[in-house]
Amino acid sequence: MNPRQILIALWTLVVKEVRRFTRIWPQTLLPPSITMTMYFIIFGNLIGSRVGEMDGFSYMAYIVPGLIMMSVITNSYSNVASSFFSNKFQRSVEEMMVSPMPSWVILGGFVLGGMSRGLGVGLIVTLVSLFFTDLTIHHPLVTIGVVTMTAALFSIGGFINALLANKFDDISIVPIFVLTPLTYLGGVFYSIDMLPDFWQGVSMVNPILYMVNAFRYGILGVSDIPVGGALVAVALFIVAFFAVALWMLERGKGIRS
Amino acid sequence: MTTPALSIRGLTKVYGNGFHALKGIDLDVPQGDFFALLGPNGAGKSTTLGIVCSLVQKTAGEVSIYGIDIDRDFAKAKYHLGVVPQEFNFSQFEKVEDIVLAQAGYYGMSLREARPRCAQLLKDLGLWDKRNGPARMLSGGMKRRLMIARALVHRPRLLILDEPTAGVDIELRRSMWEYMRRINREEGTTIILTTHYLEEAESLCRNIAIINHGEIVKNTSVRELLTELDTETFLLDLAEPVDRAPVIEGFEVERVERAQLALSLRKGQQLNEAFRQLSEQGMNVVSMRNRANRLEELFVSMVEGDNARARQAEAGNKEAQS
């Protein structure tokens, strides 16, 4: 395929993916908005007013970046995992396999689709948060960079999950048993300075802690961890995950007999 | 000699569970041909086509599509290929038109180029009125036609149809045959067809290969194959019922129903002679037809013969091992 054809193929796939999650918006865009509104009301307003300040910010302002990031992570991941697995399940993945599209375009199309939903939901949650707190972005480039990279990383993760999955249950295991606990323990609702030394050490091996804190740094200008290192680590994870996903796709893992 | 549309050499497939699906088959399909690949279930047809379409990974062997080795440049070879699989393999929730346009996009066709092509195909295949509805609302026959439209959108030179008329009513089947004949004749599209309706293969195809137990047991033209048919059986409908089968010298006759006879005609025998003798006995034939499709009779005899040989060989092996 020449570069123009590759671009057309990639665009086709991205448009198809975006059309999919916007067509079923009551399942994809509405629930996270409602869930996050509940978080803002209950944790931010009702409980937060009694918690007081955290790192010099109101509790509401402190948890907003974490909740945005939580939405981006879960939506990027689950979009690609469910979409690609549905394609496998309905065998419509064969449409792509019989075409001359290179594997990296297929992977790229799904990842960009997942990122679109993750970032779209992130934007909706951000807009909802404006009803509860003022949001001033201290470092726009860091904010955009971190959220985009995080969406990319978890979209690729969702793709790998879908390749390995044999049944629909297999695509909900990671979000429920891995992503949700890591996100909750990743400093969304608290600063790790509040933890005893041992648990601070344990928290440092949680990759989501770095993303949440780097994003919080972008918005509030405060972080529990060095932001530069976090950005490099996320970038390296993206490269490694992309390479693994591409290798699996090239070998037809889970899709070719 | 022109490059074959599809050339297969020594194609072997062993699945993970050790099942030897293909045992080094060779096959050439000439350009512009209408070719049937026949075989019983599990014979290796779908595995062969799956490898050609990149849905199945081969264990060994070579496959070339219009002279392009799939191991060297599969992407380029895929431009020549359109595939209509056995099972529905599109998203049931997408709009009919979107499914065809997306496929065009996967081949790098711009929307400006794809839209008129898509419209033409949907009109030709009677799906234009359904273009804005979700694919799940289509009937089974319409879904099959949708897969044909999708497979043709990028103008492939080689179209693979894996049981395209399975479960399709006779009227629709005939209209699909007519459409396939037209694209084969007018656009020069090479068509490879697998089917369990042998009448379909006999009616449409010029050349044929029969595959069984992962091996090609016959590869010839339909015309030549039919000359191998030693005996044909005709059902004769009589004007009046008969109590028992008449004796017709030189022919085998059996009474099927009160007013129907089955007449076996061996190679070289004349129907006229049978009619003459029936007429002499005061029996008038009002209509006649083949008891079974001619190709079907040959197919069954070949596959049964091959299966018997395979069973014998297996028994021999077991005996040698014990």
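In what order do the four strands of the open antiparallel sheet in chain B run? The order is 12-13-11-14, and you will find that sheet described below along with its neighbours. Please keep in mind that this is a predicted model.

**Chain B overall**

- Chain B holds ten helices and 14 strands.
- Of the 322 residues in chain B, 39% are buried.
- If you take the contacts in chain B between residues at least 6 apart in sequence, 68% of them link residues at least 24 apart.

**The six-strand sheet of chain B**

- Six strands of chain B form an open sheet with mixed pairing, in the order 6-7-8-3-9-10.
- Strand 6 (81–84) and strand 10 (215–221) of chain B each have a single partner strand, so one side of each has no neighbour in the sheet.
- From one strand to the next, this sheet twists by 15 degrees on average.
- Inside the sheet, strand 3 (residues 34–38) and strand 8 (residues 190–194) of chain B are parallel and share three bridges.
- To find this pairing on screen, look for Phe34(B), whose bridge partner in strand 8 of chain B is Ile191(B).
- Helix 1 (residues 45–52) of chain B lies across strands 3, 7, 8 and 9 of chain B, and makes an angle of about 145 degrees with strand 7.

- Strand 11 (residues 231–238) and strand 14 of chain B run antiparallel and are joined by five bridges.
- A handy landmark is Phe234(B), which has Asn290(B) as its bridge partner in strand 14 of chain B.

- Strand 1 (residues 6–14) and strand 4 (residues 60–65) of chain B are antiparallel, with five bridges between them.
- In this pair, Leu6(B) stands opposite Ile65(B) of strand 4.
- Strand 4 of chain B also runs antiparallel to strand 5 (residues 68–69) of chain B, through two bridges.
- There, Ser64(B) stands opposite Asp69(B) of strand 5.
- The hairpin of strands 4 and 5 of chain B has two residues between the strands, and Tyr66(B) takes a positive phi near 50 degrees in it.

**Two loop residues of chain B with positive phi**

- Arg155(B) has a phi near 55 degrees, a positive value in a residue other than glycine.
- You will find Arg155(B) in the loop between helix 5 (140–152) and strand 7 of chain B.
- Arg155(B) counts as partly exposed because it has 14 C-beta neighbours inside 10 Å.
- His213(B), also not a glycine, has a positive phi near 50 degrees.
- With 19 other C-beta atoms within 10 Å, His213(B) is partly exposed; a residue is called buried at 20 or more.

**Chain A and its annotations**

- An unreviewed UniProt entry gives residues 23–252 of chain A the annotation "domain: ABC transmembrane type-2".
- In the model, that span is 76% helix and 2% strand, and its end C-alpha atoms lie 29 Å apart.
- The unreviewed UniProt entry also places the feature "transmembrane region" at several stretches of chain A, including residues 171–191 and 198–219.
- Residues 171–191 of chain A are 67% helix and 0% strand, with end C-alpha atoms 31 Å apart.
- Residues 198–219 of chain A are 86% helix and 0% strand, with end C-alpha atoms 28 Å apart.
- Helix 7 (residues 140–164) of chain A has 25 residues and should span 36 Å at 1.5 Å a residue, which agrees with the 36 Å between its end C-alpha atoms.
- Of the 25 residues in helix 7 of chain A, 19 are buried, so this helix is largely enclosed by the rest of the structure.

**Where chains A and B touch**

- At this interface, 22 residues of chain A are in contact with 25 residues of chain B.
- On the chain A side, helix 1 (3–23) and helix 5 (93–97) each supply at least two residues.
- Helix 1 of chain A gives the largest share of that side, six residues.
- By residue type, the chain A side has ten nonpolar, seven polar and five charged residues.

Methods
Residues numbered from 1 in each chain as written. Chains lettered and ligands numbered in written order. Predicted model: local features only at pLDDT ≥ 70, side-chain atom pairs only at ≥ 80, totals over all residues. Buried ≥ 20, exposed ≤ 12 C-beta atoms within 10 Å, placed from the backbone. Contact = placed C-beta atoms within 7 Å. Expected span 1.5 Å × (residues − 1). Nonpolar A, V, L, I, M, F, W, Y, C, P; charged D, E, K, R; others polar. Pairing = 2+ DSSP bridges. Axes fitted to C-alpha atoms, helices over the stretch in contact; angles between N-to-C directions. UniProt positions renumbered as here; feature names shortened; annotations may be inferred.
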